[in-house]
Amino acid sequence: MTNRATRPLVMGNWKMNLDFVEALHLVQELGVVMHHSPLEHTDLVVVPPFVDLRTVCSVVESEQIPLGVGAQHVSQFESGAHTGEVSVSMLRRLGVSWVIVGHSERRTHYAMSDEVVTATLATVVGAGMNAVLCVGEDEERRQGGEYRSFVGAQLASALSGLSDVARSTVTVAYEPLWAIGTGVSASVEQIEEMGSFVRSTLDDLGATGSRILYGGSVTEENAGVIATIGTVDGFLVGGASLRASSFLAIGRACDDCYAGKR
Ligand code: PEP
């Protein structure tokens, strides 16, 4: 973050945690702190379960909390016979402006193929929403040394449905599967290497303006060190986004780093 002029982004993926009452409490707590001591340089986004979105969007709007709101997934289709799915226009109508596309849990446990990721990304970007495309290798590919080619192929496939201009609007989250929810983050060297690799791959694909996030067991303890690496522009945070204090501490680490205080 020290080398780039890109405004950091910290996104909290709540996954299947917090019902709408708990969501209300967390967002209100975030709002109190953010009004009192705002982050000057860092964009913060919360990504609750679908059923919380209406409550969260209403509070963010009525209390003017400087928080973006995102969805964890969306359908590639606009409407119709797609039981259990939600469309981009439904999300937009609520005030949701971000969507995570291709999170590894959707790819691994809900059979989201590369083709569906490509189509979903095109739908999200086509609707003028901010997409966060998740890529990352599993433990086996990491051990086998094919992690770069695997991530490169995921990026090329996902962006293939977009024009060059549209590609640069996509934020990419590099999230190695072996670091997600394990309590063991990738090392600084590994994040630095993959941050540069993703950047050069995006440059080759014409996505020169994309933000790059790192995700995988980011905590308030390790965020400061990772934030100074220079090849990533922020974080996608799971577990540590469920408490206001740890989520905001991660945001603050990015803010301080961007302002040159680290
Ligand atoms: C995630 O779900 O994208 C994630 C990075 O989770 P955690 O921070 O809990 O590893």
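Q: Which residues of helix 2 (residues 53-62) are buried?
A: This is a predicted model, where local features need pLDDT of at least 70, side-chain atom pairs count only at pLDDT 80 or more, and totals for chains, interfaces and linings use all residues. Residues are numbered from 1 along each chain as its sequence is written, and side-chain values use heavy atoms, leaving out hydrogens and water. Buried means under 20% relative accessible area, exposed over 50% and partly exposed in between, with a 1.4 Å probe and protein chains only. In helix 2 the buried residues are L53, T55, V56, C57, V59 and V60.

Q: Which elements do the buried residues of helix 2 pack against?
A: Helices (H or I, at least four residues) and strands (E, at least two) are DSSP runs, numbered from the N terminus. Contact means heavy atoms within 4.5 Å. The partners of these buried residues are helix 1 (20-36), strand 2 (43-47), strand 3 (68-71) and helix 3 (88-94).

Q: Is helix 1 roughly parallel or oblique to helix 2?
A: Axes are lines fitted to C-alpha atoms, for helices over the stretch in contact, and angles run from 0 to 180 degrees between N-to-C directions. The axes of helix 1 and helix 2 are 9 Å apart, at an angle of about 25°. Angles under 35 degrees count as roughly parallel, over 145 as roughly antiparallel, 65 to 115 as roughly perpendicular and the rest as oblique. Helix 1 is therefore, relative to helix 2, roughly parallel.

Q: How many nonpolar residues are in the contact of helix 1 with helix 2?
A: Helix 1 brings F20, A23, L24, V27 and Q28, and helix 2 brings T55, V56, V59 and V60. Ala, Val, Leu, Ile, Met, Phe, Trp, Tyr, Cys and Pro count as nonpolar, Asp, Glu, Lys and Arg as charged, and the others, Gly among them, as polar. Two residues of this contact are polar, none is charged, and the nonpolar ones number seven.

Q: Why is helix 5 oblique to helix 7?
A: Helix 5 (residues 114-126) and helix 7 (residues 147-159) have axes that come within 7 Å. Helix 5 is oblique to helix 7 because the axes cross at roughly 45°.

Q: Which residues have the most contacts inside the largest nonpolar core?
A: A nonpolar core is a set of buried Ala, Val, Leu, Ile, Met, Phe, Trp, Tyr and Cys residues joined through side-chain atoms within 4.5 Å. The largest one has 74 residues, and those with the most contacts inside it are L121, Y214 and F235.
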